[in-house]
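The points below go through it one by one.

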Amino acid sequence: MIPLARPTIGREELRNIEKVFKTHWLGMGSFVYDFEKKVEAYIGVKHAIAVNTGTTAIHLALASINIGPGDEVVVPSLTFVATIQPIINLGAKPVFCEVEPDTLKIDMDDAAKRITKRTKAIIPVHYGGMACDMDEVLSIGRARGIAVVEDAAHAFGSSYKERKIGSFGDLTCFSFDPIKNLTCGEGGAVTTNDARTAEILRRKRLLGISKDTWTRYKHKRSWFYEVSIEGYRYHMSNINAAIGLAQFKKFENFIRKKKKMVRQYDDFFKDMEGIELLTRDYEATAPFNYTIKIKKHRDKFIHYMEKRGIAVGVQYIPNHLQPFFKKYRQSLPVTEKVWKEIVSLPLHYDMKAEEVQTVQRSVEEFLKKDEK
Ligand SMILES: *Cc1c(COP(=O)(O)O)cnc(C)c1O
């Protein structure tokens, strides 16, 4: 089976975990701080707050700006459910909006129409790693007094107008789960340039405690702690940070190779009938996935590929169609059309050239078949 996604992990990660074991400090400690420093330096941002998942990064970011009951958050329906549940967790209302059909980025004209007096935040999702039009998103946010919380789970390493995603927004959320561009095993981070917001994020990630145990441990009155605000137990562990630190050394290679594979796929498919490619920015995007549109018989296509030992995925089933979000349902014709066509093909660093060819040929064979 050719998997859809797979982390590239090995001896370097194991060696780093061993270093953590030798310290006997498994929780949040120096490895986590080193990882945060690495993220800050790589992105070019003042503060990176490391947490245990991308989902909790989003929850924490929304909580840091006091999203709560009565508030509305505008968000594309075509995203992973992890973008939506944190809104619900805080008692706020998700207001689903459209995506652009050729890029799957948030459709800002549609989003702007859904802003009301209650709108407190907007969540652009950098789908597949490609940056949303952040000048537009941030200017609408500033003009209407709405916070912009970026879901950059796919976009670690991507840029917008020569600046790294996460270096210039209000609050940017990353995921380091097993299949993301860089993995910590599980992990996430929120980045911001605002020192006050960073301080709130740091406290909230550790139960509202103003000084974490590691900092206390290094100083005298080590038993003392103070709880100043509501918080969660969302911090990253040293074990996860150790994996992430090892990944950094290979990260540029990951991105270089995945960029090359995306171009190879696009070149092979570009003139084929029955397939539509997304509009991509090859230079600026650190690609998370490779999504295409199969204009007819998408479900049969999925079955066809799986029978050939090729895993494919649908990223994503629109959230407004999910039973649990029924109350927030509305008509989103673009999203409802596009999701029936999209399918993601295998894309990961360890894929061999023959495997890429197998995928390409299988797609071609399916499209040529008369009897679908
Ligand atoms: C992966 C992902 C998340 C959540 O990240 P986890 O680390 O898996 O919790 C959020 N949004 C999108 C779009 C994702 O793909």
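Is Cys132 buried or exposed? With a relative accessible area of 1%, Cys132 is buried, where buried means under 20% relative accessible area, exposed over 50% and partly exposed in between (1.4 Å probe, protein chains only).

1. Basis of the note. This is a predicted model, in which local features need pLDDT of at least 70, side-chain atom pairs count only at pLDDT 80 or more, and totals for chains, interfaces and linings use all residues. Residues are numbered from 1 along each chain as its sequence is written, and side-chain values use heavy atoms, with hydrogens and water left out.

2. Overall form. The protein has a radius of gyration of 21 Å, which agrees with the value near 21 Å that a compact globule of 372 residues would have. The radius is taken over C-alpha atoms, and the globule rule is 2.2 Å times the number of residues to the power 0.38. Along the principal axes, the C-alpha atoms fill a box of roughly 75 × 55 × 35 Å.

3. Secondary structure and contacts. There are 13 helices and twelve strands; these are DSSP runs numbered from the N terminus, with helices (H or I) of at least four residues and strands (E) of at least two. Of the contacts between residues at least 6 apart in sequence, 72% join residues at least 24 apart, contact meaning heavy atoms within 4.5 Å.

4. Burial and surface. Buried residues account for 56% of the 372 residues. The protein exposes about 17000 Å², of which carbon and sulfur atoms supply 52%; the areas come from the Shrake-Rupley method with a 1.4 Å probe, and for residues only the protein chains shown count as cover.

5. Cysteines. A search of the whole structure finds zero disulfides, a disulfide being a pair of cysteine sulfur atoms within 2.5 Å. For Cys97, the nearest cysteine sulfur is that of Cys132, 9.5 Å away. Cys97 is buried, with a relative accessible area of 0%.

6. Aromatic pairs. The structure holds 22 aromatic pairs. Rings of Phe, Tyr and Trp (its six-membered ring) pair if their centres lie within 6.5 Å; planes under 30 degrees apart count as stacked, over 60 as edge-to-face and the rest as tilted. Tyr42 and Phe248 have ring centres 5.9 Å apart and planes at 70 degrees, so this pair is edge-to-face. Because Tyr42 lies in helix H2 (residues 30–43) and Phe248 in helix H9 (residues 238–248), the pair ties together parts that are 206 residues apart in sequence. Tyr42 counts as buried at 19% relative accessibility, and Phe248 is buried at 12%. Both belong to one aromatic cluster, which also includes Phe35, Phe156, Phe174, Phe176 and Phe251.

7. Charges over rings. Arg308 lies over the face of Tyr304, 3.7 Å from the ring centre, and Lys257 lies over the face of Tyr349 at 5.2 Å. The criterion is NZ of Lys or CZ of Arg within 6 Å of the ring centre and within 35 degrees of the ring normal.

8. Gly166. This residue sits in the loop between strand E7 (163–164) and strand E8 (171–175) and counts as buried at 3% relative accessibility. Leaving aside neighbours within four places in sequence, Gly166 is in contact with residues including Ile43, Glu150 and Phe174. Gly166 and Tyr42 are 124 residues apart in sequence and 10 Å apart in space, C-alpha to C-alpha.

9. Gln85. Gln85 lies in helix H4 (residues 85–89) and is partly exposed, with a relative accessible area of 28%. Beyond its neighbours within four places in sequence, Gln85 is in contact with Phe324 and Phe325.
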